[in-house]
Amino acid sequence: MTEQTMPRPPVPTGATQAGLMEQYEKDRLGHLLASVERHGPVVELTEGTVLVNDPAAVHDVLRRTNTDFLVTGNIRRDEVSGVRGDPATEAWMRGRRAARKGMSPPALEAHRAWLAEETERLCDRWKARSSVTDPVAELEQLSARSFARFCFGTRDAGSAALRTGDLLNALTPLISSPFHFPPAVRRFLPRYRRSVSAQKNLEAELRRVLDGPGEGGLVDSLAAAGLDAEATVRVLVSNGLASYRVPAAAVTWALVALAREPEVAEECAAAVDPGGAATPDILRWTIAESLRLWPPNWLILRTANGEQSCGGWSVPAGAAVMISPYVVHRTAPVFTDPLAFRPHRWASLQPAAGEYLPYGIGSRWCVGKALADLELATVLSTLVARFRFTVDHMDPLPDVRTTLLPARLTLGLRAR
């Protein structure tokens with residue numbers, strides 16, 4: 001290998017671990033974006049932590065997940081192998097493949113009518129109000145019921161949605177903390193033990209639902225794919241957590257954007273066909289642009305499995321690799337005027353690999369993308385057809401503890 005083709009090392013910031021934590025905790029998104037703007041597309045934030053923002057390198061890291069770049073933590077940030085061939089990793093991937101097959105176009109289309117009716121009921125509750133404080137919380141309930149109904153068919157989902165919310169709330173302090181205690185210590189932390197208890201409660205409720213009468217839904221597809229009850233429960237836990245808050249956050253950010261751009265909101269409302277199955281172009285573009293500016297999954301983490309190179313950059317062995325779709329979407333050259341909300345850019349825009357990743361890419365991309373797309377289009381089209389929105393209050397910095405959320409948001413609304 002010649003000197004010209006040698007991978008370039010990440011640009012060091014010179015920050016200590018303590019210095020990084022101080023700046024990062026003040027404004028996580030702002031610090032990552034400023035680091036890229038100041039130091040370039042691949043940055044060693046501190047020794048052993050590398051921020052990768054070059055689109056080619058991003059694509060390379062995510063494409064080589066489970067081999068050269070590993071997912072080494074579970075939902076509770078417990079250490080796992082993440083290597084392809086490991087029994088736990090292989091079981092996890094089998095579950096993902098089965099879940100993806102279960103989200104077939106016929107199954108999704110059958111779910112659309114139910115979801116539209118449920119969203120209309122939400123609108124009926126909202127129409128007597130002049131504002132909605134924390135719309136994410138109300139949309140979460142809709143998302144949770146939607147996922148439960150899609151999964152369980154005619155079975156009684158019981159308290160599965162409620163238990164999923166309990167687990168997500170219990171996990172938040174663990175996921176959001178910048179500190180990682182050794183396993184021997186963290187297992188005695190009250191917040192850790194609460195998360196274990198919440199997960200056991202959710203798993204017990206899922207087993208009860210699976211043993212109950214009824215048929216249809218994703219769980220039948222998982223069974224047909226050969227997954228046993230325990231593997232099915234694992235799939236339902238992970239996908240249920242993702243389906244609880246992420247669609248609600250995405251819809252809410254889109255409403256914030258449309259409240260600030262009333263002309264686009266009017267165009268969306270005029271294009272909605274209440275009985276139509278096809279999503280109007282302007283609504284698709286609005287969703288894509290909202291996901292670009294405010295991707296709910298704003299941070300992706302990997303661990304370098306030995307010394308690696310990606311997109312012409314070197315990554316030290318064992319380095320924690322951070323990829324932020326929020327930052328990538330604001331710095332990739334394909335997005336002109338990147339801070340502006342411009343849905344019509346998507347009429348002709350074709351981002352290259354690694355430039356647009358609201359659902360991730362590679363072997364760990366969001367397996368629920370098809371269901372999420374259906375929910376975003378159905379819920380948003382119903383809401384914009386029924387209401388005009390304004391932003392009555394929202395904190396300047398978003399909530400980034402887990403999913404990217406508007407902080408202390410109140411939406412004003414007026415029926416059309």
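Colleague: Which residue of β11 stands opposite histidine 393?

Modeller: In this predicted model, the residue opposite histidine 393 is threonine 410 of β11. The two strands concerned, β10 and β11 (residues 410-415), pair in the antiparallel sense over 6 bridges.

Colleague: In what order do the strands of the sheet lie?

Modeller: The order is β5-β11-β10, in an open sheet of 3 strands with antiparallel pairing. β5 (131-133) and β10 (387-393) stand at the edges; each has a single partner strand, so one side of each lacks a neighbour in the sheet. On average, neighbouring strands here are turned by 25 degrees against each other, direction ignored.

Colleague: Which helix packs on this sheet, and which strands does the helix touch?

Modeller: The helix is α15, which touches β10 and β11. The direction of α15 makes about 90 degrees with that of β10.

Colleague: How is the packing of two helices described?

Modeller: One gives the angle between the two axes and the distance between them. For helix α7 (residues 160-176) and helix α9 (residues 190-211), the axes come within 8 Å and cross at roughly 160 degrees. Angles over 145 degrees count as roughly antiparallel, and α7 and α9 are therefore roughly antiparallel to each other. The crossing of α7 past α9 is left-handed. Among the residues making the contact are Leu167, Ala170, Leu171 and Leu174 of α7, together with Ala198, Leu202 and Leu206 of α9. Arg163 and Asp166 of α7 also take part, as do Arg191, Arg194 and Glu205 of α9.

Colleague: Let us turn to single residues. Is glycine 354 buried or exposed?

Modeller: Buried means under 20% relative accessible area; glycine 354 has 3% relative accessibility and therefore counts as buried. This glycine lies in the loop between α14 (325-331) and α15 (369-386). Beyond its neighbours within four places in sequence, glycine 354 is in contact with Pro55, Val58, His59, Val328 and Ile361.

Colleague: How far is glycine 354 from aspartate 220 in sequence and in space?

Modeller: They are 134 residues apart in sequence and 34 Å apart in space, C-alpha to C-alpha.

Colleague: Which residue does the "binding site" annotation cover?

Modeller: According to the unreviewed UniProt entry, the annotation covers Cys366. Cysteine 366 is placed in the loop between α14 and α15. Because its relative accessibility is 24%, cysteine 366 counts as partly exposed.

Terms used: Residues numbered from 1 in each chain as written. Predicted model: local features only at pLDDT ≥ 70, side-chain atom pairs only at ≥ 80, totals over all residues. Heavy atoms only, no water. Helix = DSSP H or I, 4+ residues; strand = E, 2+ residues; numbered from the N terminus. Buried < 20%, exposed > 50% of the residue type's maximum accessible area, 1.4 Å probe, protein only. Contact = heavy atoms within 4.5 Å. UniProt positions renumbered as here; feature names shortened; annotations may be inferred. Pairing = 2+ DSSP bridges. Axes fitted to C-alpha atoms, helices over the stretch in contact; angles between N-to-C directions. Parallel < 35°, antiparallel > 145°, perpendicular 65-115°, else oblique. Left-handed = near helix turned anticlockwise from the far one by under 90°.
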